Amino acid sequence: MTYQHDVIVVGGGGAGLRAAIAANEAGADVAIVSKLHPVRSHTGAAEGGINAVLQSEDSIESHAYDTMKGSDYLADAPAVETLANESPEETMQLEHWGMPFSREEDGRVSQRPFGGLSFARTTYAGAETGHHLLHTLYEQVIKRGIEVYQEWFVTRLALTDHDDPEERHCHGVAAIDLKTGEIGGFTANSGVILATGGLGQVFDHTTNAVANTGDGYAMAYRAGVPLEDMEFVQFHPTSLPSTGVLISEAVRGEGGILYNSEGERFMFERGYATEWGEVASRDVVSRAELTEINEGRGFDDDYVLLDMRHLGRERILDRLENIVHLAEDFEGVDPLEQPMPVKPGQHYQMGGIETNEFGATCIDGLYAAGECACVSVHGANRLGGNALPELFVFGKLAGLAAAGEDLDEPLISVGRTPDAETGSVETPITPGAIDAPASDVATSGSAALGPQETVEATVEAERDHIDRLLERETGVGHAAIRAEVQQTMTENVNVFREEANIKQALEDIQAAREAYQDVSVNDPSRTYNTDLIHTIETRNIIDLAETIALGALVRTEFRGAHWRAEHQERKDDEWLKHTFISWAQGRPELWFKPVILEGELQEYEPKIRSY
């Protein structure tokens with residue numbers, strides 16, 4: 001069973017929907033293949049807003065500078081300036097498509113302050129911005145008649161067989177029809193776009209949905225595409241302690257206050273951010289909260305308090321009503337009457353699949369956009385309000401590129417370049433210890449096959465792999481393996497990182513990988529077999545946890561969200577470069593490329609980052 005289209009978009013969240021619309025407008029026959037119904041995608045959980053320059057007092061240059069400063073000077077200037085330049089027009093396009101932005105009394109789209117921004121440029125739709133964005137884009141997909149294959153779990157890329165990843169071509173994907181258990185193929189005449197979202201399930205305390213298992217990252221990685229800057233993981237300062245459910249930065253943007261157990265407004269009184277306070281960048285606030293907790297000034301040694309009562313009932317219910325319901329439902333707290341407990345939780349992955357500004361990877365015909373991609377617009381730390389414009393700005397560009405539109409020459413290169421340098425790091429990983437079952441490269445000899453035959457060969461290989469999992473009578477269940485990885489990542493590769501802890505995480509991941517060689521699926525059925533799906537996802541979690549820990553170990557400095565106990569300074573003379581990890585013959589390989597700090601708008605000179 002195979003389906004053929006010009007462009008296959010894997011994932012139905014904000015980036016995938018926008019990419020599909022753009023490719024459709026370029027004249028391509030487009031299909032979205034998603035393991036969820038699109039309106040259930042994690043984009044719908046985004047609460048905060050969209051950064052866009054919409055007022056004459058604001059400027060593109062200011063948005064770009066704030067983003068580069070927030071990135072701790074590890075973002076690439078062409079990506080940063082593309083985001084700042086394109087976000088206003090794309091935001092207004094959403095408004096024209098019917099997105100119900102909050103508005104001022106004079107009818108203008110409302111904008112509010114967000115962390116790390118020098119101007120109040122965050123547009124929003126109450127505290128449900130992502131939900132409205134998702135539905136607005138999905139309406140446009142339906143209006144255009146774009147084919148949506150929902151509840152199809154893509155598990156493998158269909159690639160020509162070649163030793164050098166940069167000589168491979170992506171012709172489509174293999175996927176499991178969750179309704180029937182059948183393995184099908186999707187042939188892409190023009191290109192495949194990975195838009196599969198984040199990887200929060202690598203950690204056990206995360207704001208991410210249970211479906212966010214990093215599927216796109218892992219498929220691309222095993223196919224030979226390098227993963228970039230994986231050590232940079234964003235921990236959101238305000239998640240609910242019991243569940244990890246997100247409490248939007250909008251609360252602090254509207255004036256919410258953080259308190260410790262001594263009643264101090266610690267962001268100011270303890271000197272963490274004496275000018276910006278609660279609206280400093282997320283990495284600064286997260287470290288401040290955990291420092292307060294670790295030094296005994298938290299509540300129950302677990303959380304601090306976030307208070308918004310002073311904003312008044314009318315303002316809260318107008319702009320933050322869903323926050324009230326979240327606190328009531330999950331913590332039993334009425335934030336109209338009392339402060340909410342909050343603590344940092346894994347929220348966003350700054351690193352990802354290496355792409356240029358048009359979503360292209362080093363494999364011909366393979367593109368990526370959204371959180372799973374790293375065009376390096378966020379560098380070492382993402383500013384709140386920059387994730388949603390990343391989805392539709394770079395989703396659109398990836399859609400156009402995959403459809404064959406003529407775009408400008410990219411300013412960001414992908415793959416190995418003359419200025420790349422190879423690195424090494426002492427790790428507990430030993431040669432030959434990392435197995436590579438279910439390689440994402442098609443069967444031997446596929447270089448001589450045509451696109452359709454390559455997809456069919458990939459489907460057959462994936463069918464054999466699934467059959468082996470289902471037919472194994474004894475073995476280890478995925479749940480224990482996954483839990484071990486999540487626990488060690490949360491304990492050892494969290495906000496505060498030490499060399500011994502990171503190495504411990506790598507040892508635990510190695511043990512999990514070895515245990516996974518004997519993984520089995522208890523449920524033999526084919527219909528909606530969640531045991532099978534979670535088993536496949538667990539392999540992705542193992543691979544990605546390893547890349548995060550390796551990147552954290554090799555980067556011997558303190559930059560953005562990456563804090564190292566042994567290295568308490570930013571080392572611009574040594575570390576103004578991106579970390580790349582490639583899958584090479586069954587084990588990870590490290591290499592580096594310099595950051596691009598010179599843009600068309602301005603050159604970004606690294607400075608001390610203070611708030």
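**Exercise 1. State how many residues of helix α5 (residues 215–223) are buried, and name them.**

Solution. Helix α5 is mostly covered, since nine of its nine residues are buried (under 20% relative accessible area with a 1.4 Å probe, protein chains only). Helices here are DSSP runs of H or I with at least four residues, numbered from the N terminus. The buried residues are D215, G216, Y217, A218, M219, A220, Y221, R222 and A223. Just after α5, G224 takes a positive phi of about 110°.

The model is predicted: local features need pLDDT of at least 70, side-chain atom pairs count only at pLDDT 80 or more, and totals for chains, interfaces and linings use all residues. Residues are numbered from 1 along each chain as its sequence is written, and side-chain values use heavy atoms, with hydrogens and water left out.

**Exercise 2. Describe how helix α13 (residues 478–492) and α15 cross.**

Solution. 
1. The two axes come within 9 Å and cross at roughly 30°. Axes are lines fitted to C-alpha atoms, for helices over the stretch in contact, and angles run from 0 to 180 degrees between N-to-C directions.
2. α13 and α15 are therefore roughly parallel to each other (angles under 35 degrees).
3. From α13, H478, I481, R482, V485 and M489 meet D531, H534, T535, E537, T538, I541, I542, A545 and I548 in α15.
4. The residues of this contact divide into seven nonpolar, four polar and three charged. Ala, Val, Leu, Ile, Met, Phe, Trp, Tyr, Cys and Pro count as nonpolar, Asp, Glu, Lys and Arg as charged, and the others, Gly among them, as polar.

Conventions. Helix = DSSP H or I, 4+ residues; strand = E, 2+ residues; numbered from the N terminus. Parallel < 35°, antiparallel > 145°, perpendicular 65-115°, else oblique. Contact = heavy atoms within 4.5 Å. Buried < 20%, exposed > 50% of the residue type's maximum accessible area, 1.4 Å probe, protein only.
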